Amino acid sequence: MKDELEALDNEKPPPELQLAANKQHKGYAVVDLPATGKERLVVLGSGWGAVSLLKTLQADLYDVISISPHNYFVFTPLLPSVTVGTVEFRSVMEPIRRILKRTRGRYIEAGAVDVDFEAKMVLVEKQGQFMWVPYDRLVVGVGAQSVTHGIDGLQHCHQLKSVSDARSIRQHIMANFEKAVLPTTSLEEKRRLLTFVVCGGGPTGCEFAAELYDLLVEDLVHYFPETIQGLVNVVIVQSRDHILNMMDQKVSEFAEDTFSRRNMKVITNSRVARITESSIFYTSKDLEGNVTEHEVPQGFVLWSTGLSLTPFTRLICDRLADSQKNRHAITVDDHLRVKGISDGSVYALGDCATVEMPHLLEHIQELFDSVEHTNTGEITRDEFEVFIHSTARKYPLAAGHLKELGVHFDDFDADGNGVICLSEFKNMLVHVDRSLTALPALAQVADQEGAYLGRSLSILAKTFAETSDNAHSSVHDKAIQPFNYHHHGTLAYLGRAAAADFGGGYTYRGSNLAAKYLWRSTYWSMQVSLRTRLMLAMDWTRELLFGRDISRF
Ligand SMILES: Cc1cc2nc3c(=O)[nH]c(=O)nc-3n(C[C@H](O)[C@H](O)[C@H](O)COP(=O)(O)OP(=O)(O)OC[C@H]3O[C@@H](n4cnc5c(N)ncnc54)[C@H](O)[C@@H]3O)c2cc1C
């Protein structure tokens, strides 16, 4: 609340940016950023990771420049609600300039298209105009784009990544209903227009299907009762054997059961082969391995099947090919520094980045020797406890799995002699290394990474101001703990029902109004501003009193 009120004060924004006179770099103009004694921190993107960083960074430590093609932050978990009018567009958007006000940061509405790591400049483009922006520290938080799997006909599909995607989906749904009830529309065409297909059974696809169901049964049924009774079809095509397969199986089965009770068709173990203007074709395998192709006439397709690199992220990975081996994201170390940048001045976070997991086996001798002080070649139970705590501090991302080892000490003590020898220790480390998987592409990961980086960069600025040590990486490592991720659970809205997976087999599944309002209150509390919180509360009240706005404009 205090931050909100501070942001509303009338403090003057920083002076507008100018181009440096007579200065060019590789054929393009360079933005003039006069020396102020502070480092220039350039943040690419205005999504979850970037905004969390900007909200956490202490004011007045850096000259902050935010660059993004969109001058607003989008609260993505509520985008499915926007597609059906439960929530209005502006209620999920927060202007980036408002967020930047506290740090007196500047904003450039453009997309990053190239970077020169030697000269420390990033090339940005807006409608054919290019300019280089110099940086001392660069944070890449440009998100990811939808994966295409090389499928033909994706131009006939909607995606749900942005507010404009949500707007065109909302228009398309209403257009189909209005067209379907025209007296001139044949029955077959009505059926096609009212068949809504979702490709991909992940959280976005399932939540969109759930919101569509709410729109049908809570609003459209009052205006198109005959049409809804017999003609509307909602179909989800999923390549795996369950929808929401990244969540606990109990949640997946609950979602499938909920959808089937609502006459929504879930087709699993099937792959979309191609899409035409009026049909979707998918293949499925029978038990003998024979592949059959099926056609579903469709009036609407949502494509939501996973993520891939944006062109800018791919460019960074290609530039640093010796250190960047992952084909799906920029690899960063446990301080979120991009691998391959020797001075540690470039960071990446959120969906465009993947944190390199520790490989404990590579440090086996060092780890063993650090606790084995008796020269017996064996670790006692007490020494093992010390090992767990010291290693968890050094490698926080492995902490959860290390702590589990303590519980299973006897399982790894193969000869049952009450101590752990080097070969038993090796089996333990192999087990931990195998259990460590990449962090998921979730808002909460990007949010925690942004907050971590905001805090780290604040500490760094103060540390450098007090030290004469110019070895930035070593100062960085000493001053700042590695990043640690705390999973708070994954939520899914299922249409008058909601489910959550808290990890470790703990789940919540509810098919009542309480579940719906629990889901809403979680997202309400996560809003980035008081303004969006108020707007959301008003949207939900409006929807409760008057229903959704079904006008098409
Ligand atoms: C519909 C939907 C629902 C979701 N629901 C959930 C949920 O319920 N829970 C959950 O945890 N996660 C959810 N997610 C995932 C979550 O939104 C992402 O994990 C999160 O947005 C990642 O944050 P980010 O900062 O990496 O990228 P984003 O939030 O995608 O932001 C990327 C930013 O980079 C900008 N940008 C792109 N290219 C460039 C460029 N070249 N130069 C500069 N800027 C650029 C974009 O304009 C954007 O501002 C959902 C995602 C979607 C699409």
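Let's start with Gln298: leaving aside its neighbours within four places in sequence, this residue is in contact with Arg192, Thr195, Val197, Ile275, Thr276, Glu277, Ser278, Ser279 and Ile280. Keep in mind as you look around that this is a predicted model. Gln298 sits in the loop between β18 (291-297) and β19 (300-303), and with 2% relative accessibility it counts as buried, because the cut-off for buried is under 20%. Its side chain has a polar atom 3.0 Å from the backbone oxygen of Thr276, and Thr276 is also one of the contacts listed above.

Next, turn to helix α12, which covers residues 381-394. Its 14 residues reach 20 Å from the first C-alpha to the last, close to the 20 Å expected at 1.5 Å a residue. Which residues of α12 are buried? They are Glu383, Phe384, Phe387, Ile388, Thr391 and Ala392. Seen down the helix axis, the buried residues of α12 fall within an arc of 165 degrees, so they line one face of the helix. The buried residues of α12 pack against α11 (364-371), β24 (378-379), α13 (399-407), α14 (409-412) and α15 (422-435). On the other side of α12, Asp382 and Arg393 are exposed.

Finally, here are two backbone angles to check. Leu244, in the loop between β14 (233-237) and α9 (249-261), has a positive phi near 50 degrees, and at 0% relative accessibility it counts as buried. Arg496 also has a positive phi near 50 degrees; this residue lies in the loop between β26 (490-493) and β27 (498-503) and is partly exposed, with a relative accessible area of 37%.

Conventions
Residues numbered from 1 in each chain as written. Predicted model: local features only at pLDDT ≥ 70, side-chain atom pairs only at ≥ 80, totals over all residues. Heavy atoms only, no water. Helix = DSSP H or I, 4+ residues; strand = E, 2+ residues; numbered from the N terminus. Expected span 1.5 Å × (residues − 1). Buried < 20%, exposed > 50% of the residue type's maximum accessible area, 1.4 Å probe, protein only. Arc of directions from axis to C-beta. Contact = heavy atoms within 4.5 Å. Polar contact = N/O pair within 3.5 Å; in protein donor to acceptor, adjacent residues only side chain to side chain.
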